[in-house]
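Dear colleague,

Please find below the structure that I am handing over to you. My notes on it follow directly after.

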Amino acid sequence: MRRFNKNLIISFLIAVTVSGQAICQKTPEKIKPLVEGIYTADPSAHVFNGKIYIYPSHDVEAEVPQDDEGGHFQMRDYHVYSMDKIGGKVTDHGVVLDVKDVPWADKQMWAPDAAYKNGTYFLYFPAKDKEGVFRIGVATSKAPGGPFKAQAKPIEGSYSIDPAVFTDANGKSYMYLGGIWGGQLQRWHTGVYNKTLKTDLGKGHENEPALSAKVALMKEDMLSFAEPLRDVQILDATGKPLLASDASRRFFEGAWMHRFDGKYYFSYSTGDTHLLCYAEGTSPYGPFTYKGVIMTPVEGWTTHHSIVEVKGKWYLFYHDAELSGKTHLRNIKVRELFRDSNGNIKTITP
Ligand code: FUB
């Protein structure tokens, strides 16, 4: 029988091990949920005092059947989470605000965000008022991990959902908001609330410009708008507004703003086509030119994100429905975001 050369066998084993490692490194690593004890979604992440704070929705099972208006999303309170570093231990700061402690709110505490100014932390959140109309509320705390105390009334002139507050390098802060279908943005199309518009503007409006997210400069107190809400225009490469029928590119909900290399990046969810997209501009007000897809669909109907810089690297916080397999019981995740040399965001396939 032919004898094997020992050195040949060792070389073969090393080659297998090394190529095995190479395969492992190329295989995308599985991203784990950041929180497992409860369901969390819509993560808005910020770095405060060198720590990462996450402000998510707290999903619950309320046994309400699924519908196009998001009736199955019956969240009642918020938790805040923090981490010293990406990949580090996740600390739960407990319930920081409950709907029963918000004088004007009735139900559905959807996607929140947070901001800091002059020694105060602000938690911004949408909720339905006693008439069933979504408004944006604000609550304050002296600590980023709460607890937060709500203002007696919602922000004057606010409506719809998904507030995201961006503070520019010059200290000015802007609130972006809006969501169609369950987010009720379509009901404000004429400037007056119209309850009959359920999901969008309806048949015959497909070739009109898509409904826009809104933006307003915040007053110095961060509790009110300094001006009426304006449209956040998203244009195609030829400078024309995206149309209502352009479902894979038009704004649906989940606005976020970040600045990179002097440019403003407005990102959002396309809702019923389940994409996270972005558009680029030279002012926080826009107009923004559509650039591409940040992330292809995740498990679950909704997709919602935030983008934050931590120690020179950029991260995408998002959610999917891995833990429950149910659209309304989601879990938050984080992964690094990469760009090409022109600042274009590389598409992530989750
Ligand atoms: O969490 C409820 C709603 O689902 C959010 O407000 C939307 O952005 C979507 O994620």
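In these notes, a residue is called buried when its relative accessible area is under 20%, exposed when it is over 50%, and partly exposed in between (1.4 Å probe, protein chains only). Strands (E, at least two residues) and helices (H or I, at least four) are DSSP runs, numbered from the N terminus. This is a predicted model, in which local features need pLDDT of at least 70 and side-chain atom pairs count only at pLDDT 80 or more, while totals for chains, interfaces and linings use all residues. Residues are numbered from 1 along each chain as its sequence is written, and side-chain values use heavy atoms, with hydrogens and water left out.

I begin with strand S3. Because seven of the seven residues of S3 (residues 77-83) are buried, this strand is largely enclosed by the rest of the structure. On one side lie Asp77, His79, Tyr81 and Met83, and on the other Tyr78, Val80 and Ser82; both faces are covered. Two strands are taken to pair if DSSP finds at least two bridges between them. S3 runs antiparallel to strand S2 (residues 51-59), with three bridges joining them, and Ile52 stands opposite Met83. S3 is also antiparallel to strand S4 (residues 91-98), through five bridges; there, His79 has Val95 as its bridge partner.

Strand S17 (residues 276-281) is likewise mostly covered, with six of its six residues buried. Leu276, Tyr278 and Glu280 point one way, whereas Cys277, Ala279 and Gly281 point the other way. Six bridges join S17 to the antiparallel strand S16 (residues 263-269), and five join S17 to strand S18 (residues 288-295), also antiparallel. Tyr278 is the bridge partner of Ser267 and stands opposite Gly292 in S18. S16 and S17 form a hairpin with six residues between them, where Gly271 in the turn has a positive phi of about 60°. S17 and S18 form a hairpin with six residues between them as well, and Gly286 in that turn has a positive phi of about 85°.

Next come the aromatic residues. Rings of Phe, Tyr and Trp (its six-membered ring) pair if their centres lie within 6.5 Å; planes under 30 degrees apart count as stacked, over 60 as edge-to-face and the rest as tilted. The structure holds 24 such pairs. Phe48 and Tyr53 make a tilted pair, because their ring centres are 6.2 Å apart and their planes stand at 40°. Phe266 and Tyr268 make a stacked pair, because their centres are 5.6 Å apart and their planes stand at 25°. Phe266 is buried, with a relative accessible area of 0%, and Tyr268 is buried at 0% too. Phe48 and Tyr53 also belong to one aromatic cluster with Tyr55, Tyr116 and Tyr121.

Finally, I turn to the ligand. Residues count as near it if one of their heavy atoms lies within 4 Å; among them are Asp42, Trp110, Asp162, His304 and Arg330. A polar contact is a pair of N or O atoms within 3.5 Å. A ligand oxygen atom is 2.5 Å from a side-chain N or O atom of Asp162. For His304 the corresponding distance is 2.7 Å, and for Arg330 it is 2.7 Å. Taken alone the ligand exposes 280 Å², of which the protein buries 99%; accessible areas come from the Shrake-Rupley method with a 1.4 Å probe.

Yours sincerely

Definitions and conventions:
Polar contact = N/O pair within 3.5 Å; in protein donor to acceptor, adjacent residues only side chain to side chain.
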